[in-house]
Number of protein chains: 2
Amino acid sequence: MKAREIHLNEYLTGAPKPENYSLVETELAAPGDGEVLVKNLYISVDPYMRGRMSGIKTYIDPFKLGAAMEGGAVGEVVESKFDGLKPGDHVMSMLGWRDGYTARGDGLMKIDTTFLQPQAYLGIAGLTGLTAYVGIKRIIDLKEGETLWMSAGAGAVGSAGIQFAKAMGAKVIATAGGADKVEYCKSIGADAAVDYKATDDLTAAIREVAPQGIDAYFENVGGTHFTAAMENLKQYGRVAACGMIQRYNDTAQASIPDNLVYMVGKSLKLQGFIVSDHLDIQPEFVKDLTEWMMAGKINPAETIVEGLENAPNAFAGLFKGENKGKMLVKI
Amino acid sequence: MKAREIHLNEYLTGAPKPENYSLVETELAAPGDGEVLVKNLYISVDPYMRGRMSGIKTYIDPFKLGAAMEGGAVGEVVESKFDGLKPGDHVMSMLGWRDGYTARGDGLMKIDTTFLQPQAYLGIAGLTGLTAYVGIKRIIDLKEGETLWMSAGAGAVGSAGIQFAKAMGAKVIATAGGADKVEYCKSIGADAAVDYKATDDLTAAIREVAPQGIDAYFENVGGTHFTAAMENLKQYGRVAACGMIQRYNDTAQASIPDNLVYMVGKSLKLQGFIVSDHLDIQPEFVKDLTEWMMAGKINPAETIVEGLENAPNAFAGLFKGENKGKMLVKI
């Protein structure tokens, strides 16, 4: 069976460009003993992948050049020589940017699509949702009645986080870029939302919607957002730092106003995290998410781009704010 | 009995100046029932007092204008009409910047001077030492064999922290301003010390003495120190933010390079704290400190300025780096 893959040609400096990638045709081998052949249905493009495109080892290795990039994908088993999977079963893999693959069945996660659409496992019910949950529940330890500022509220993690925080009984202030995204944040439950592109004083704009201050800040953006958060956090405020997308494509070091002294004066706690260090919280997440879904509190929040060949554009779009909710590529 | 007090004349902008204060003569009332008359022996001047001189409410109220400023003091009871105290007893109070006072005995803490000098209760065995202990033990949770960078290593909290961290079996890198302070840090146990005034690349200077990176940073300074810490912290590094003295006298907002994205990439945890939120750790502190003192591991680390009239200079000196160890005024 023929398949296509997206390869990384070179490590990136600055914003991702089409020429950084190639679309390569391959022939998938028939599955051997213990293997399955899978046709992908959806692949995930995520901001953290920018780090893997830089060629610098952080908490995760860089992508290999000249090979299909890795990443979350859900697919359907077409052919199986593995006992645990049969044709028609759905599986999740980290085998990423390709139409399909032949791989050992024991390296794949079978997913239950009785209630959930397969692509939900890449979004709100997958690592994206779990990331929002870890930040809000474990890092921030958000309490009922507290006020959370969710940055990038229309993004994948942000849109999940708004819904989770509301389900937990918190007040949620969201920020997003553009009037339609602000409306989107409100449509999924945010009590107030601010268009950061429409203000040159984000500190004042947040103060206006949360005059008593914020108890917690979910950091997806960095830069001016971080500065405004430090100004608006209350005594004992908490920050979960999940990402700082404003910085990922920087080629020179930016500066920010130094208001870090608030950390001392307000006894703030700031913590960066990576979801893979907190997988032990998964059972609690599934329990809460199921309960919220049954209560009709959860919207899947997805933006779908069609066609593997458009995956690089979908990825680049993350940095231009082209998604509402989780950005997925439909194969 | 005549006594003298230091009053604050006006709230401060920028660095403290002599004209901000007055030396005022008063007459102490004879003690009534339940009261004692105390002659102070030592008073404490501390960087946090700068905040109380600003007229802005933070975690603590501003000083009252035209009254003796509050602050830690140890004294000797001269006359007593309170059952729990007799002449010759030593007491600690927060009654601060004055020769002596008449006050209710039940608001004072009797201190045991069998083993410790009275002034130790203002320094390494008092809130200063406890502050270092809380930062290292509770906020950072420093482990044996880890590397701690102690900023302002020759300061009151820093000099206590160096000794505590060494006693806990850690490696300690200190920073201080000037060659004599660097030597001082080493003399009280630092494995390496860097003169931050002698380098224009603190990041590189720290890397040189801790090439494997630092596990933890004790923040007393802010600004360039904070930036260098973010660069040098290892994965899962911790920051205890106790103070940012570089910023306290600022009249305009400074800028720093924005390298906060390390918080995400290295899963860092940063936490500001104020010692009064952690007084429950006191028994554990006394136990550890006693053990370390008995083992000869602790140096009291004090700079003594003579004369109440010199208290404003002693205080201003904190911001010019004039102290090694705890700055005390001897009455």
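A: Let's start with the crossing: α2(B) passes α3(B) in a right-handed way, where right-handed means that the near helix is turned clockwise from the far one by less than a right angle, and left-handed means anticlockwise. This is a predicted model, in which local features need pLDDT of at least 70 and side-chain atom pairs count only at pLDDT 80 or more, while totals for chains, interfaces and linings use all residues. Residues are numbered from 1 along each chain as its sequence is written, chains are lettered from A and ligands numbered from 1 in the order in which they are written, and side-chain values use heavy atoms, leaving out hydrogens and water.

Helix α2 covers residues 127-140 of chain B and helix α3 covers residues 156-167 of chain B. (Helices are DSSP runs of H or I with at least four residues, strands are runs of E with at least two, and both are numbered from the N terminus.) Their axes lie 8 Å apart and the packing angle is about 55°; axes are lines fitted to C-alpha atoms, for helices over the stretch in contact, and angles run from 0 to 180 degrees between N-to-C directions. The two helices are therefore oblique to each other, since under 35 degrees counts as roughly parallel, over 145 as roughly antiparallel, 65 to 115 as roughly perpendicular and the rest as oblique.

Which residues make the contact? From α2(B) come B:T128, B:G129, B:T131, B:A132, B:Y133 and B:I136, and from α3(B) come B:A156, B:V157, B:A160, B:G161, B:F164 and B:A165. Contact here means heavy atoms within 4.5 Å. These residues divide into 8 nonpolar, 4 polar and no charged. (Ala, Val, Leu, Ile, Met, Phe, Trp, Tyr, Cys and Pro count as nonpolar, Asp, Glu, Lys and Arg as charged, and the others, Gly among them, as polar.)

Chain A has a helix pair to look at too. Helix α5 (residues 202-209) and helix α6 (residues 224-232) of chain A have axes that come within 8 Å and cross at roughly 45°. α5(A) passes α6(A) in a right-handed crossing.

Now for the two chains together: 33 residues of chain A touch 33 residues of chain B. About 2,700 Å² is buried between them, with carbon and sulfur atoms giving 60%; buried area is the accessible area (1.4 Å probe) that two parts lose on being put together, summed over both. Between chain A and chain B there are 0 salt bridges, a salt bridge being a side-chain nitrogen of Lys or Arg within 4 Å of a carboxyl oxygen of Asp or Glu.
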